[in-house]
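Hi everyone, thanks for making time today. I'd like to walk you through one model, so please have a look at it while I talk.

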Amino acid sequence: MSFESIPEILEILQIETLYQQQPLQRLLNCWEEVVGKVIATHTQPISIEREVLWVATSSAAWAQNLTFERQRLLKKLNKILPTPLVDIRFSTARWQRTKKKSSPQQNISPESHPSYLGNILDSNQNIHSLPKNPQTAFANWAQTIKARSQSLPLCPKCKSPTPKGELERWGVCSICAAKSF
Ligand SMILES: [Zn+2]
């Protein structure tokens with residue numbers, strides 16, 4: 001789930017209200033349902049002009065395949081749309097590589113990773129102030145490791161301090177878990 005700012009949400013709502021009554025919007029809402037998930041990821045309905053639906057496709061092969069399927073799709077779509085379509089044209093011309101539906105992986109937060117240590121590091125280390133010399137740098141590092149180790153449970157296999165998330169997921173530390181894979 002992504003967190004959009006309030007002005008952005010308001011803008012989306014306004015646009016949605018504006019287009020709610022439009023046939024294209026109605027079509028967009030049911031597009032994936034009609035064509036199926038696979039086709040939906042390779043297509044983007046662009047416009048309806050004189051009862052002809054224009055659909056952008058990710059490749060020429062998709063455009064060709066779907067052209068053969070268009071009668072079947074027309075039948076399905078005309079059951080839903082208030083004004084029936086007479087034809088569908090598929091073309092790669094207006095395909096955008098960056099579709100709005102992005103992969104869900106982009107929204108994974110560091111907190112969801114099993115090795116995430118919360119703010120332990122932040123409280124012991126100020127990233128913005130660089131150490132004056134290597135000795136200070138090492139001392140800082142050692143202090144961080146020590147502080148981190150003291151607050152962490154031990155891996156039952158190798159007895160090294162392990163983030164809680166790793167133990168919850170694998171029962172051992174990430175290193176031991178990697179060895180057993
Ligand atoms: Zn271990």
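Let me start with one cut-off: a residue is called exposed when its relative accessible area is over 50%, buried when that value is under 20%, and partly exposed in between. Keep in mind, too, that this is a predicted model.

Now apply that cut-off to V86. Its relative accessible area is 54%, so V86 counts as exposed. You'll find V86 in the loop between α4 and β3. Leaving out residues up to four places away in sequence, V86 touches R50, E51, V52 and L74. Two residues are worth checking against V86 by distance. Q71 is 15 residues away in sequence, with a C-alpha to C-alpha distance of 9.4 Å. K75 is eleven residues away along the chain, and there the C-alpha atoms are 9.8 Å apart. K75 itself sits in helix α4, and at 65% relative accessible area K75 is exposed as well.

Let's step back to the whole chain. The protein chain has eight helices and three strands, and from the N terminus the order is α-α-α-β-β-α-β-α-α-α-α. Of its 181 residues, 22% count as buried. If you take the contacts with a separation of 6 or more, 47% of them join residues 24 or more positions apart.

So what sits inside? In general, nonpolar side chains in soluble globular proteins tend to be buried together. Here the largest nonpolar core has 18 residues, and W31, L53, L77 and I88 have the most contacts inside it. At least two residues of this core come from each of α2, α3, β2, α4 and β3. Take I88 as an example: beyond residues up to four places away in sequence, I88 touches L53, V55, R70, L73, L74 and L77.

Helix α2 deserves a moment of its own. Its buried residues include Q25, L27, C30, W31, V34 and V35. The 13 residues of α2 should span 18 Å at 1.5 Å a residue, and the end C-alpha atoms are 17 Å apart, so the two values agree. There is also a bend of about 45 degrees at N29.

Now for the metal site. Which residues are the protein donors of the zinc ion? They are C155, C158, C173 and C176, each through SG, at 2.2 to 2.3 Å from the zinc. The angles between the four donor atoms run from 104 to 114 degrees, and that makes the arrangement tetrahedral. For reference, the ideal angle for four tetrahedral donors is 109.5 degrees.

In sequence, these donors follow the spacing C-x2-C-x14-C-x2-C. C158 is in the loop between α6 and α7, while C173 is in the loop between α7 and α8, so this pair ties together parts that are 15 residues apart in sequence. Is C158 buried, exposed or partly exposed? With 38% relative accessibility, C158 counts as partly exposed. C173, on the other hand, has 3% and therefore counts as buried.

One last thing before I stop. Apart from the core of 18 residues, there is another core of five residues, and among them are C155, V172, C176 and A177.

Terms used:
Residues numbered from 1 in each chain as written. Predicted model: local features only at pLDDT ≥ 70, side-chain atom pairs only at ≥ 80, totals over all residues. Heavy atoms only, no water. Donors = N, O, S within 2.8 Å, 3.2 Å for Na, K, Ca; no water. Tetrahedral: all angles 85-135°; square planar, octahedral: opposite > 155°, others 65-115°. Helix = DSSP H or I, 4+ residues; strand = E, 2+ residues; numbered from the N terminus. Buried < 20%, exposed > 50% of the residue type's maximum accessible area, 1.4 Å probe, protein only. Core = buried A, V, L, I, M, F, W, Y, C linked by side-chain atoms within 4.5 Å. Contact = heavy atoms within 4.5 Å. Expected span 1.5 Å × (residues − 1). Bend = angle between axes of the 7 residues up to and from the residue.
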